[in-house]
Amino acid sequence: MEFKMTENGFETEVEYGTLEISGNAEYGYRPFQLLVSSIAVCSGGVLRKVLERMRMQYDDISVQAKINRVEKEANRVSDIHLHFMIKGKELSEEKVEKALNVTRKNCSMVQSVKDSINITESFEIHA
């Protein structure tokens, strides 16, 4: 990837178009938003595949991310809690817990930051 400086940040060309990144939300995605989005969406995508491989039927998955940042340390992201809301019938809490354990081990973004950002998960099942 190549990032080119703009008046208010940087941009890069990706398959779907131009990704604009800026410390100012008026001009693009903020870097921490991209970091958190990468972790949340990677986890959600892997969970989706794991549930399918386990032959667990679901109708929808959404992910809420709660972030803690340490202001005294360059406002770094210290903790991300991912809360998965899974909609489906006949979903077993025990099996979903197992699926999340597999997800954690197989999400490349979680594995990339596991030694620097504390990532935790929870879930709820909706029929």
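Which residue in β6 stands opposite His83?

## Strand β5 and its partners

In this predicted model, the residue opposite His83 is Ser122 in β6. Strand β6 covers residues 118-126 and runs parallel to β5, with nine bridges joining the two.

β5 also pairs with β4. Here the strands run antiparallel: 11 bridges link β4 (residues 60-70) to β5 (residues 76-87). Asp60 faces Lys87 of β5 across this pairing. The two strands make a hairpin, with five residues between them. In the turn, Ala74 has a positive phi of about 60 degrees.

## The three-stranded sheet

β1, β2 and β3 form an open sheet in that order, with antiparallel pairing. Its edge strands are β1 (4-5) and β3 (17-21), each of which pairs on one side only.

Two bridges join β1 to β2 (residues 10-14). Met5 stands opposite Phe10 in β2.

## The nonpolar core

The largest nonpolar core contains 26 residues. Leu51, Phe84 and Ile86 have the most contacts inside it. Five elements are listed as giving two or more residues: α1 (31-53), β5, α2 (93-106), α3 (108-113) and β6. α1 gives the most, with eight residues. In soluble globular proteins, nonpolar side chains tend to be buried together.

## Contacts of Phe84

Leaving aside residues up to four places away in sequence, Phe84 touches Ser43, Gly44 and Leu47, among others. Its contacts also include Ile61, Ser62 and Val63. Leu100 is another. Glu121, Ser122, Phe123 and Glu124 complete the list. Ser122 is also the residue that stands opposite His83.

Notes
Residues are numbered from 1 along each chain as its sequence is written. This is a predicted model: local features need pLDDT of at least 70, side-chain atom pairs count only at pLDDT 80 or more; totals for chains, interfaces and linings use all residues. Side-chain values use heavy atoms; hydrogens and water are left out. Two strands pair if DSSP finds at least two bridges between them. Helices (H or I, at least four residues) and strands (E, at least two) are DSSP runs, numbered from the N terminus. A nonpolar core is a set of buried Ala, Val, Leu, Ile, Met, Phe, Trp, Tyr and Cys residues joined through side-chain atoms within 4.5 Å. Buried means under 20% relative accessible area, exposed over 50%, partly exposed in between (1.4 Å probe, protein chains only). Contact means heavy atoms within 4.5 Å.
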